[in-house]
Amino acid sequence: MALIDFKVLPGIDKQDTTAGAEQRWVDCNNVRFRYGLPEKVGGWASLITDTITGVARRQFAFVDLDGNRYVAIGTDKFLLIYFEGQLYDITPLKTTLSSATIATTDTSAVCSITTGSNHNLSAGDIVLIDNVTLPVGTGYADSDFENKLFQVTSITSATVFTITQSTAATGTVATGGSIDVKPYEQVGPAAQSYGYGWGTDTWGNGGWGEASSATDVALEPGLWSLSNFGQVLVATIANGKTFTWNSGDASRLTTRASTTTSGFETTNNPTATRVSLVSPTTRHLIHLGTETTIGNTATQDDMFIRFSDQEDINDYTVTAINSAGTQRLQDGTKIIGALKAKETILIWTDNALYTMKFIGAPFTFSFDQVGTNCGLIGKNAAVEIDGTAFWMSNNGFFMFDGTVKSLPCSVEDYVYDQADTTKGQQVYAGLNNQFTEVTWYYPSTNSEYNDQYVVYNYGAGGEKLPGGVWYIGTESRTTWIDASVYPKPFATKFNSSDTGTFPVIIGESGLGQTVFFEHEVGTDQVNPDGSTTTVTSFVKSYDFDLQAEGTAGEVFLAVRRFIPDFKDLQGNAQVTLAVKRYPQQSETTTALSPFTITPTTDKKDTRARGRFVSIKIENSSNSETWRFGTMRLDIQPDGRR
């Protein structure tokens, strides 16, 4: 029989069955579609030899007036700066607890710290120990504590907490010495969860001594809002304070973010804000989901907006001669996120989308609702490109180009059936403009952290693809920034079972490790220690059958040979043929599969027989990459059973 072209439309279709998704690919990982053809994604390499302690939740790239480039990275514990291949800790500090005392126990590494006033710490918090004078007899030197970070191990009382040294004490000292405790500002939990226990449900709902059942009280993860006021970084802890860091300072790399940064103070800013950003053209600092009375966290209103005077990020007093002001949105229960989009600011609640536009005096900004039932699933689940926004909600994908539109999605059921939407604040949307891709990284129901992704290719499509070009995978990322300030995208990957190396924390336990990657480089994963991990990829076709008139699925087919066609092939690729008799049966890999394809392979002889056949293309070794073309198959009728 003559050879036939095996042509498949781009993107993944999981809304239909594998037999019903005709001319579509049905599964993939680490694959993208470009000009209609599937190909392996580019590799990624660690930018630094260090790994970050904790889970990164936000990235922001910016430049100073001299053209120096920076990336601010907000984690559940720290605020870091990446500059010239190195990390710097600029996490803001709370008020110093001076002249605290320390107690040790012989053969134990646990040290007890007593402060002169309430420390307001929690287990897991980070503290910097400074100005150390130890009592005699502990077996430690002052330098074992001086200018070092510790994780709070436990809370004994309002004025007593414990830390754990790297070695045990050699003597018991009841209390003594003098140290300064400098607590790091608290950010939040590493993962999002629902509240349990006392106060989160009706008393008596569970048995005596048991935690009450989960409620809709969400414990959101530690998040940051990061933006810039010129060369000044503006950083807001979600539901917390706002700090600045001036990249123009000569001593910037040894200076922490603060509310008292010279010339860019935020001492008059709200102290509890869900989201903040700087208006791109008018340079107002905008607080969303913030306090109705500045400085009183009890007045935080999740739908209330407050903006500073123009060009003054520390003036919020509304007068007749300035442009500071307030506004409260109506549709929804809380503001989730916001983005700059050309001359407009887009604001999402959990149910609606609003635009915020500068109109001048006397109202400064106008607020218009442009969509409903289209709320944002998480603070970082939206991206904007050239005035068009794409986002993920709790029940679908949307875009806004002047009008809110629902995005048809050929993998929608697959994504929402496995996504843990109760962890929506961990969803992170990343733009890869070079390949016209928006990627949403999200946690599945079996994972505490992001472990899956879905991609929408906004530059592909057409009338033959009403569901759009979508693809999926299992690679995990917690943050992403596109190439702009830097020539390649940057992303972070979190592993909860490993330990980070920066910042160094004595007594650290359970904080996990984040690796900082540059993407679209090489073919594999280059780790912080220089070793290489293979990036495997695959794409799998629908189950096809003979489609002669009146014979669909009736006649067995036999694949005798195929002629591979790769637009690009470095190293080897594997081609697997799998067959089944009926659509609902499990497939069987044919005896000769997988077939190893090299750049010089002309053809492969096969013995594949069944009513339905699928094709899988993949790679499994280092230094391999591929871009598929149009395979030719020798298919013949082979009886009815």
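A: Start with the classes: Ala, Val, Leu, Ile, Met, Phe, Trp, Tyr, Cys and Pro count as nonpolar, Asp, Glu, Lys and Arg as charged, and the others, Gly among them, as polar. By these classes, the lining of the largest cavity has 8 nonpolar, 5 polar and 5 charged residues.

This is a predicted model, where local features need pLDDT of at least 70, side-chain atom pairs count only at pLDDT 80 or more, and totals for chains, interfaces and linings use all residues. Residues are numbered from 1 along each chain as its sequence is written, and side-chain values use heavy atoms, without hydrogens and water.

A cavity is a set of points, on a 1 Å grid over the protein atoms alone, where a 1.4 Å probe fits but cannot get out; lining residues have an atom within 4 Å of a point. Points are joined across faces, edges and corners, and a volume is the space filled by probe spheres set on them. The count is 3 cavities of 30 Å³ or more.

The largest cavity has a volume of about 210 Å³. It is lined by 18 residues, and Arg-32, Val-41, Thr-439, Tyr-441 and Trp-480 are the closest to its centre. Two or more lining residues come from each of β4 (31–34), β36 (437–442) and β37 (452–457). Strands here are DSSP runs (E, at least two residues), numbered from the N terminus. β36 gives the largest share, 3 residues.

The second largest cavity has a volume of about 40 Å³. Its lining includes Ser-279, Pro-280, Lys-342 and Phe-365. β28 (344–349) and β29 (352–360) each supply at least two lining residues. By class, this lining has 5 nonpolar, 3 polar and 2 charged residues.

Methods:
1 Å grid on protein atoms, 1.4 Å probe; cavity = no way out; pocket = protein on both sides within 12 Å on 5 of 7 lines; lining within 4 Å. Helix = DSSP H or I, 4+ residues; strand = E, 2+ residues; numbered from the N terminus.
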